[in-house]
Amino acid sequence: EASSYLADDFLLLSVNGKGQHNLLVNPAVFPARVDTLSLAAYFVAISPDRRWIAYALGGTRGLLLQPWPALDRRYLIDASGNEPVWRSATELLYTAQERGILIAKRVRIAAAFATSPVGTPEVLIADPRFTETPGWSLRLMPDGGIAYVQSPLENLGYYVRVIPNWVRDMKRAVDAANK
């Protein structure tokens, strides 16, 4: 499974297969420059100012932050976090699971914080119909809003079962019961 993160001047390709790497593509130069990232991670997102990289751990939930490009320190953003999206150089949005419900959170990132650059996460969307999707489950809109998918109000079922000759068999059963 592959996902990508498009920024103004680069494209980050996250190839999520075992033994495969994340790629950073700079299409602004010719020929396009491709760098391989040394992270075994999913949903990789680099901050707009390129000072931070956020990503989900492969195979589990857990959202991490590291300084970019040094990668010399690692900070836990949220143990149940996933799918980071940078709203600005200092604000990160992401999804998390709480009590079986997918929610959207935001957190401030600032090197000036005392012990960690990660602020206190804040819930943005706690909609029980918020649906997880392949790829990022929330995206930013041009006006700063957030787009996400909601499940239907009523679950009408996931399949249709066809029973051959059901009507005929039911009529026979009714006739037999009426004798």
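Student: What makes the link between the side chains of K105 and E98 a polar contact?

Tutor: In this predicted model, the two side chains are joined at 2.9 Å. A polar contact is a pair of N or O atoms within 3.5 Å, where within protein one must be able to donate a hydrogen and the other to accept it, and residues adjacent in sequence count only if both atoms are side-chain atoms. The pair K105 and E98 is therefore called a polar contact. As to the basis of such values, local features need pLDDT of at least 70 and side-chain atom pairs count only at pLDDT 80 or more, while totals for chains, interfaces and linings use all residues. Side-chain values use heavy atoms, with hydrogens and water left out, and residues are numbered from 1 along each chain as its sequence is written.

Student: Why is K105 called buried?

Tutor: K105, which lies in strand 11, has a relative accessibility of 9%. Buried means under 20% relative accessible area, exposed over 50%, and partly exposed in between (1.4 Å probe, protein chains only). K105 therefore counts as buried. Leaving out residues up to four places away in sequence, K105 touches D78, L92, L93, Y94, A96, E98, P121, E122, V123 and L124, where contact means heavy atoms within 4.5 Å.

Student: Which residues form a nonpolar patch on the surface with M170?

Tutor: I163, W166 and V167 form it together with M170, with about 390 Å² of accessible area in total.

Student: Which residues touch the most other members of the largest nonpolar core?

Tutor: They are L65, I77, W86, L92, V107, I109 and V118, in a core of 15 residues. A nonpolar core is a set of buried Ala, Val, Leu, Ile, Met, Phe, Trp, Tyr and Cys residues joined through side-chain atoms within 4.5 Å. Strand 10 gives the most to this core, with three residues. Another core, of ten residues, lies apart from it, with L37, L39, I53 and W68 among them.

Student: How many of the residues in the protein are buried?

Tutor: Buried residues make up 35% of the 179 residues.

Terms used
Patch = residues over 30% accessible without salt bridge, like charges linked within 9 Å, V, L, I, M, F, W, Y side chains within 5 Å. Areas by Shrake-Rupley, 256 points an atom, 1.4 Å probe, with all protein chains shown as cover. Salt bridge = Lys/Arg side-chain N within 4 Å of Asp/Glu carboxyl O. Helix = DSSP H or I, 4+ residues; strand = E, 2+ residues; numbered from the N terminus.
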